[in-house]
Amino acid sequence: MKKKVAGLLSASLAAGLFLSSSATIMAAPSISPYDTVQAEKAITKNGVEVATDGTNSYITSLEKGDSFSTTPLNFSNGLTGFSASFRSAGAGLVEVRLDKEDGEALGSFKISNTNGEFKSYTAKVSKSIEGQHTLYFVGKMGDVDVDFFNATAAGEVTPTPTPTPTPTTTPVVTGEVNPYETVEVEKVSELKDAMVTPNKSAVMIKYNGYALIKNVNFVDGAAIITINGKTTSNLSILDIRVDGLDAANSVGNAKFSKANEGAKTIQVKKDIAGVHDVYLVNTFADSNVTVDSIIAKAAPSKPTPTPTATPTPTPTPVPTATPTPTPVPTATPTPVVGSVNPYETVEVEKVAELKDAMLTPNKSAVMIKSNGYALIKNVNFVDGAAIITINGKTTSNLSILDIRVDGLDAANSVGNAKFSKANEGAKTIQVKKDITGVHDVYLVNTFADSNVTVDSIIAKAAPSKPTPTPTATPTPTPTPVPTATPTPTPVPTATPTPVVGSVNPYETVEVEKVAELKDAMLTPNKSAVMIKSNGYALIKNVNFVDGAAIITINGKTTSDLSILDIRVDGLDAANSVGNAKFSKSNDGAKTVQIKKDITGVHDIYLVNTFANSNVTVDSIIAKAAPSKPTPTPVVTPTPTPVVTPTPTPVVTPTPTPVVTPTPTPVVTPTPTPVVNKDLAFEYQINSWGTGYTVNFSVVNKTGKNVDGWKVKLSKKDVKIDSSWCVNVAEEGDYYVITPMSWNKTIYNGGSAQFGIQGSGKIGSTINYVLE
């Protein structure tokens, strides 16, 4: 008898359904497959049913041997692929067949555990078809729910060449690569055990293979590198290595999985200012990773010191030029005795005073109770703060950590981060106020009956601050030395939004205060805008003077899925620069990578493009395109040989970020009995009251490869109905979990991941023994 995960039927009804091999067929006119086709409108259903959650209907329990077929579809524009929305508690495989259940296989969807939500998957097709056809969706593995699907017309799928304007390289030296603009990996790299994808838009790297990008000019260093990629493997680890393939050359890595792809941001562990060869190495066994592009963010503290060195060579003008500029640069090397540098990782447990909070047993983090706080004194925000990233977790259903400056009152808040059992790790906070200067920072747990464990914080300097101040002072000196520096003056004139009545997108834009609405309305408390399907909120005269790398949308929905599209200067879909997806179980701040250069003043349409849904939007905020401020300073230092030595001493304080490896032990203090101290064990519980899934990881932090592992899970805490990626046996009061042949070996720094699905209720902790 088949297990029904998403919608359980009574035993008698299920039995009746399985005995019936015939299917009801209704005549229907052909429809367009290029629009959303709801799966529940199926003409034939073999072994599946239609289920409803609220207003959403879908096909449920598509298992091996089950199928359903569509109304005749008119493929007038050919076919290159499909996308579909699936929900599954484990691995699944669904084939799309042509005209009959055992017809020609056009393509297949490989589905992973979606943690109780519907998620989108794509499938390529083996051949193009035209004319009228019926599609059969046939279950081959797992137990899957299907919400909707649509086809991709021939020639529709390649909007990836849009980044081609970027390679008009700003690097001054011929043959160098500018990392501060999007670098399309397939266009610049040498490959080993790797290949360009068939559509020539990315590079697929096999295990131990690499893509080598030569002569990358990190003229301003790198604080972070963002990699855009994906994998068809359970896990892939892409390591960035500089000037050599040895692991000691690593500056950071990104992890990709089938369920977790897209843009990954890496904190760079070393100072890499200068020209380097960059190796992108796939270090995870039996995996592949497809890399589309990389882009770096300049190290924030570098630009400020350079202007101060130029006045010193001139004997006479020195007294007049130096009085004003000298105070500015001396601020960067944290002048206040005992002050804390927020632009490097701040280990909270080492610097904080605690109230209703305590060090964790391994002394690597701080656990803060409800209304408790950790106080970090004398934090020197010399360049302000655009964002603050907090690395933390909680064992509560929800915890809210508020950042307050110079006092515990709620009015002192500059932003907060939300943590839950299922959603932990690094949280980025948009800072709401200018906090330039030295401040006491309070990390306050404001959510009742909760706790939050905080490992570290790090700030990103406010992007617009460094440029204006140095430019004004050199002008009084008539000598040729200062005249080199006035080149940056055009930059600051752009920052104050010059257009009268324009909107500044780099500060939080409250949508309800500025937008014109169509098929949308203010919420009852007038703090947000609710947009219906095909409705929009229009924000006029938004002044993207420095472009936009990302736009963050704060919103939510009461629908199963809503898609909010950002369109510029028109409602046509071609005007889209990116979209954000919201669901009932996944709301809050969504970050959209901007696909086009939108520098200038534009009208912004926030359009709800998903049928029969609504989305409530509170605010938006943009992050300036990273490559705009950097080109001008690069040009000025080159004429003056004296200036170039000065940046290097300033950068040397940055070795302190090497401390960042310490966060890793924080991840799992919660589990109780661990026998093997060389390995770490992590798990995430996703419960819906009558059932649950648990995702586990066995993490190798031993410094060497581990061959073979075993985990025992207490039967008092879990009841295993099904599992994936492991073998399950029983031994007394325990389930005995052992690996498959392909995940038996865990390489140093890697992990083996598996999961279970169970019925009934589950607590917040699971007793285990790791051997």
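Biologist: In which order do the five strands of the open sheet follow one another?

Modeller: The order is 2-5-12-8-9, and the pairing is antiparallel. A strand here is a DSSP run of E with at least two residues, a helix is a run of H or I with at least four, and both are numbered from the N terminus. The model is predicted, so local features need pLDDT of at least 70 and side-chain atom pairs pLDDT 80 or more, while totals for chains, interfaces and linings use all residues. Residues are numbered from 1 along each chain as its sequence is written, and side-chain values use heavy atoms, without hydrogens and water.

Biologist: What makes strand 2 and strand 9 the edge strands?

Modeller: Strand 2 (44-46) and strand 9 (105-111) each pair on one side only. Neighbouring strands of this sheet are turned by 15° against each other on average, direction ignored. The angle is taken between axes fitted to C-alpha atoms, on a scale from 0 to 180 degrees between N-to-C directions.

Biologist: How do you know that strand 5 and strand 12 pair?

Modeller: Pairing takes at least two DSSP bridges between two strands. Strand 5 (residues 67-69) and strand 12 (residues 135-141) have three, in the antiparallel sense. S67, for one, stands opposite V138 in strand 12.

Biologist: Which strands are joined to strand 30 by bridges?

Modeller: Strand 25 (residues 366-381) is joined to strand 30 (residues 437-445) by seven bridges, running antiparallel. I376 has V441 in strand 30 as its bridge partner. Strand 27 (residues 399-405) also runs antiparallel to strand 30, with five bridges. There, L401 has N445 as its partner.

Biologist: What makes a group of residues a nonpolar core?

Modeller: The members are buried Ala, Val, Leu, Ile, Met, Phe, Trp, Tyr and Cys residues, joined through side-chain atoms within 4.5 Å. Buried means under 20% relative accessible area, exposed over 50%, and partly exposed in between (1.4 Å probe, protein chains only). The largest such core has 32 residues, and V348, I368 and L443 are among those with the most contacts inside it. Strand 25 gives the most to this core, with six residues. A second, separate core of 31 residues includes A39, V48, L62 and L98.

Biologist: Which residues does L443 touch?

Modeller: Contact means heavy atoms within 4.5 Å. Beyond four places away in sequence, L443 touches V348, I368, I376, L401 and I457, among others.

Biologist: Why is the pair R97 and E95 called a salt bridge?

Modeller: The rule asks for a side-chain nitrogen of Lys or Arg within 4 Å of a carboxyl oxygen of Asp or Glu. The R97 and E95 side chains meet at 2.6 Å, N to O. R97 counts as buried at 16% relative accessibility, and E95 is buried with a relative accessible area of 16%. By this rule the count is 19 salt bridges.

Biologist: How do you know that E731 and K712 make a salt bridge?

Modeller: Their side chains meet at 2.9 Å, N to O. E731 lies in strand 46 (residues 726-731) and K712 in strand 44 (residues 711-714), 19 residues apart. E731 is partly exposed at 41%, whereas K712 is buried at 15%.
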